[in-house]
Amino acid sequence: MSATEEQSLFTGSISDLRPKKKPPHPVVQFCFQKEPHWMFVFVFAHLLFWLVGFQWDVARVYSDNHFNHDGGIPSGPSGSGQFIVTVMLMVVATFVVTAKAAVFVPETL
């Protein structure tokens, strides 16, 4: 190169000239970009507990003294255990998502 030639001030690629896109909100980054599978488990576990495991109707709460139409004990100490299974699933999913959210570092510009 001769001393009369101009030197370019830009030495990168053309894509470096585009303005940087602002990253989405950290909640969006966590829920939809980094951990969508755990968010599905979290939502599913809560729905399962609140719709199936939790007894909204007092008449549906069974004990060993109450039987269903077939004569079986549908819930209670000798029943299906849907409450304890769904509450354990909900607690584990909530704990895992909370732990992952606590150590999550969002993208910045």
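The model is a predicted one, in which local features require pLDDT of at least 70 and side-chain atom pairs count only at pLDDT 80 or more, while totals for chains, interfaces and linings use all residues. Residues are numbered from 1 along each chain as its sequence is written, and side-chain values use heavy atoms, with hydrogens and water left out.

I begin with the overall composition. The chain has three helices and zero strands, in the order α-α-α from the N terminus. Helices here are DSSP runs of H or I with at least four residues, strands are E runs of at least two, and both are numbered from the N terminus. Of the 109 residues in the chain, 16% are buried; buried means under 20% relative accessible area, exposed over 50%, and partly exposed in between, with a 1.4 Å probe and protein chains only. Contact means heavy atoms within 4.5 Å. Among contacts between residues at least 6 apart in sequence, 62% join residues at least 24 apart.

I turn now to the first pair of helices. H1 covers residues 26-34 and H2 covers residues 36-53; they pack at an angle of about 95°, with axes 5 Å apart. Axes are lines fitted to C-alpha atoms, for helices over the stretch in contact, and angles run from 0 to 180 degrees between N-to-C directions. That angle makes H1 roughly perpendicular to H2, a term for 65 to 115 degrees; under 35 is roughly parallel, over 145 roughly antiparallel, and the rest oblique. H1 contributes Phe30, Cys31, Phe32, Gln33 and Lys34 to the contact, and H2 contributes Pro36, His37 and Met39.

Next, H2 itself. Its 18 residues reach 24 Å from first C-alpha to last, close to the 26 Å expected at 1.5 Å a residue; the expected span is 1.5 Å times one less than the number of residues. Which residues of H2 are buried? They are Met39, Ala45, Phe49 and Gly53. These residues lie on the same side of H2, because they cover an arc of only 140° around the axis, the arc being that of the directions from the helix axis to the C-beta atoms. The face turned away from that buried side carries the exposed residues Phe40 and Leu51. The buried residues of H2 pack against H1 and H3, the helix at 82-102.

Finally, H3. Its 21 residues should span 30 Å at 1.5 Å a residue, and its end C-alpha atoms are 30 Å apart, which agrees. Thr86, Val87, Met90, Ala93, Val96 and Val97 are buried in H3, and their cover includes H1 and H2.
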